[in-house]
Amino acid sequence: MGVDVVLMRVERRGSSPKRRKLTPVAVAPDPDDAFVRLVDRIRGRGGHPMLERVDPYGSLILTSAEMPQFLDELARLPRTAPEDARMAEKLKDLAEQCAADPALELHLDGD
């Protein structure tokens, strides 16, 4: 039930979505469900609207323009276990890379 986070490079030739090419740049797998646990602690409280959209069974795609909010919400997540802090740090690294390059997207892929 983990949510793997994949940093993707997007290449668009023309305006057709059919010509959109995605290339993985980096991955933060979530085999221990650490990210899901982090999000479940805040779900329904209204203080983290972007992170509350994370679905352990679906996908969420975030652009570089959305990274400031994502990073802010990520910094405010409660961390109660060492694996929580490790996962949050991995996500922060990917989000900072995404924020720095408009050709990147962050894909949050549930099971």
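## Salt bridges

Eight salt bridges are counted in this predicted model, a salt bridge being a side-chain nitrogen of Lys or Arg within 4 Å of a carboxyl oxygen of Asp or Glu. Side chains of opposite charge can pair when their charged atoms come close. One of the pairs joins D84 to R41, with the closest N and O atoms 2.9 Å apart. This pair links distant parts of the chain, since D84 lies in helix 3 and R41 in helix 1, 43 residues apart. D84 has a relative accessibility of 0% and so counts as buried, while R41, at 23%, counts as partly exposed; buried here means under 20% relative accessible area, exposed over 50%, and partly exposed in between, with a 1.4 Å probe and protein chains only.

R43 forms a salt bridge with D40, the closest N and O atoms being 3.4 Å apart; R43 is partly exposed at 32% relative accessibility, and D40 is partly exposed at 41%. The side chains of R76 and D72 also meet in a salt bridge, at 3.3 Å from N to O, with R76 partly exposed at 42% and D72 partly exposed at 40%.

## Basis of the model

Residues are numbered from 1 along each chain as its sequence is written, and side-chain values use heavy atoms, with hydrogens and water left out. Because the model is predicted, local features need pLDDT of at least 70 and side-chain atom pairs count only at pLDDT 80 or more, whereas totals for chains, interfaces and linings use all residues.

Helices (H or I, at least four residues) and strands (E, at least two) are DSSP runs numbered from the N terminus. In helix 1, the residues A34, F35, V36, L38, V39 and I42 are buried, and what covers them includes strand 1 (4–12), helix 3 and strand 4, where contact means heavy atoms within 4.5 Å.

D33 is found in the loop between strand 2 (20–28) and helix 1 (34–42). Phi of D33 is near 60°, a positive value in a residue other than glycine, and D33 counts as partly exposed at 23% relative accessibility. Just after helix 1, G44 takes a positive phi of about 85°.

## Helix 2 and its packing

In helix 2 (residues 67–75), M67, F70, E73 and L74 are buried. Seen down the axis of helix 2, these buried residues fall within an arc of 130°, so they line one face of the helix, the arc being that of the directions from the helix axis to the C-beta atoms. The face turned away from the buried side of helix 2 carries the exposed residues P68 and A75. The buried residues of helix 2 pack against strand 3 (59–63), helix 3 (82–100) and strand 4 (104–109).

Helix 2 and helix 3 pack at an angle of about 165°, with their axes 9 Å apart; axes are lines fitted to C-alpha atoms, for helices over the stretch in contact, and angles run from 0 to 180 degrees between N-to-C directions. That makes helix 2 roughly antiparallel to helix 3, given that angles under 35 degrees count as roughly parallel, over 145 as roughly antiparallel, 65 to 115 as roughly perpendicular and the rest as oblique. The contact is made by M67, F70, L71 and L74 of helix 2 and by A88, L91, K92, A95, E96, C98 and A99 of helix 3.
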